[in-house]
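This report concerns a protein chain together with an RNA strand. Please consult the sequence and the structure shown below.

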Amino acid sequence: MGLNTFKKSERLCSKKLIKELFDKGSSFYIYPFKVFYNPNKRLDELHQVLFSVPKRNFKKAVDRNLIKRRMREAYRLNKQTINNSKPKLIAYIYTPKEILDYHQIEKKLKISLERLLEKDISI
RNA sequence: UGUGCAAGCCGUCUUAUCGCCCCGAUAACAAUCGGGGAGGAAAGUCCGGGCAACAUAGAGUACCGCACUUCCUAACAGGAAGGCUUCGAUCCUGAUCCCGAUCCCGAUAGUUAUCGGGAUCGGGGUCGGAAUCGGAGACAGAUAGUGCCACAGAAAACAAACUACCCCUCCCGAUGUAUCGGGAGGGGAAAAGGUGAAAAGGUGAGGUAAGAGCUCACCGCCCCAAUGGUAACUGCGGGGGCAUGGUAAACCUUGCGGGUUGAAAGACCAAAUAUGUAGUGAGGGGCUUCUCGUUCCACUUGAGCUACGGGUAGGUCGCUUGAUCCCGAUAGCGAUGUCGGGACUAGAUAAAUGAUAAGACCCCGACUAGUCGGGGACAGAACCCGGCUUAUAGGCUUGCAUUUUUU
RNA sequence: UGCCCGAUGGUGUAACUGGCAACACGUCUGGUUUUGGUCCAGAAGAGUCUAGGUUCGAGCCCUAGUCGGGCAA
């Protein structure tokens, strides 16, 4: 075990890095998510990821928390897909205005991870 | 047994697998084991405090808030008890007016009838009063002053004369020669009319030229005030014919309270660079509307301000033991206080408290008598407390009212 | 986290000390024109974000809520 963990070091927390990601990073769109990514220049070779749900679409904090938790869970269980690629900074933005259930989110997130792997090769 | 209202409480649960945050131990960021991990509103940010910085937070002014009384409390615009006003229900009762019946008295005409007066009973209208129960109230002052009260109406606030009423004088007309009608002028009078949200005490009687608290009865109002009560208040009794429209969620007055800011407060450690360049030039800062006071920095070796440019944006503390929670006793009508025993019950920081699967429980729908399908309210801590307000499926308890059935 | 504004016809704005909610553009109808535009004449379209309260009377004053926008760091 230990493959499906999701520790603090795997999350994107630094304000500076977030600003850099949104200013200079590339992006693509797969239905529920808009995905930003940028190579991680730090020494520790880990992917760092953040999940975001806009307040504009979901007024209630309970709903935003629920979606972020589902996204985080889906990433945790499927992140082995990109384990061997170059370390990246990744941001997931949830765009629709309705709440999707866990299975739909997981399916789409798998597709997005595969896309990230392809981008890695093209770089 | 059902329904409604009020108050209080609960507000999904279990198992498996994979995870997240904090604490403790082995021992050191790893790994393993053990323990803990959202709410009654965590929400809105509407009040009040603690805590911190600014001076040990000072004086005046401005501004803001509160407003029946007493008590509770750290404090409050919160709560408890009480007062007053007001609304509803039940019950009792007074004054006055109208109608009907019976009886009595008087007058008129043929026993009977008509008219007038009085008494009793019944019904209805208007205006009140007392008691009980329940609800509501931003409930200081409108006799400190200023402002405003559209339209309508004669008049809207030290009252006022449009119509109608009454008196006096003059003129004209008619005749029955002292009356009637019309006009003009001078007065009286707020009773009637209509307007309006509101018309200057109400009803009845007397009185008068007509009228009027002008006088009287009842009710209301104002002033003094015994008694009771800590107080708000109560109001025995006495006096005044009545002077007092509404609006303070208009300005304002009175009393009380408030210094400002807000954990991104603030303290410390680490990292990083440039007391850089140009302009301005004597006062500027101490987070406040102004003044005073006080204090710090600076006064050409140049504080501060403006523009351009450069660096950092990590960590620790604050950070959860507190006006804390639970149980019992006790004081008090109660809010609440006191005493004794026990418990430790989230502490994140781009922000943990979860996901999936199965089952139980509850609700809705369908077929129909146990299956299938759908759903499980409002809502997520961010320095911490006390309240208030707002959202909330469903369930439980207590009290009150009421429906049906049985005895 | 703290604080401050605003909400009025379809759209953009007015409404003075509380007293019949106004204007422009747009819409519709008719006229002018061969037709359309321009122009002229006329009409409809709100009860002021919601719910209470104060007042005789509320767009305006007060309280609570909903939505939208802005500021500080």
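The model is predicted: local features need pLDDT of at least 70, side-chain atom pairs count only at pLDDT 80 or more, and totals for chains, interfaces and linings use all residues. Residues are numbered from 1 along each chain as its sequence is written, while chains are lettered from A and ligands numbered from 1 in the order in which they are written.

Helices are DSSP runs of H or I with at least four residues, and strands are runs of E with at least two, numbered from the N terminus. Helix α2 comprises the 18 residues 61-78; at 1.5 Å a residue it should span 26 Å, in agreement with the 26 Å between its end C-alpha atoms. The expected span is 1.5 Å times one less than the number of residues.

A residue is buried if 20 or more other C-beta atoms, placed from the backbone, lie within 10 Å of its own, exposed if 12 or fewer, and partly exposed in between.

| Class in α2 | Residues |
|---|---|
| Buried | Ile67, Arg70, Met71, Ala74, Tyr75 |
| Exposed, on the face turned away from the buried side | Ala61, Val62, Asn65, Arg69 |

RNA strand B is surrounded by 26 residues, the closest being Asn4, Thr5, Lys60, Arg69 and Tyr102; a residue is near the strand if its C-beta atom, placed from the backbone, lies within 6 Å of it. Helix α2 gives the most to this surface, with eight residues.

Leu100 lies in the loop between β4 (88-94) and α3 (102-122). Leu100 is partly exposed, with 17 other C-beta atoms within 10 Å.
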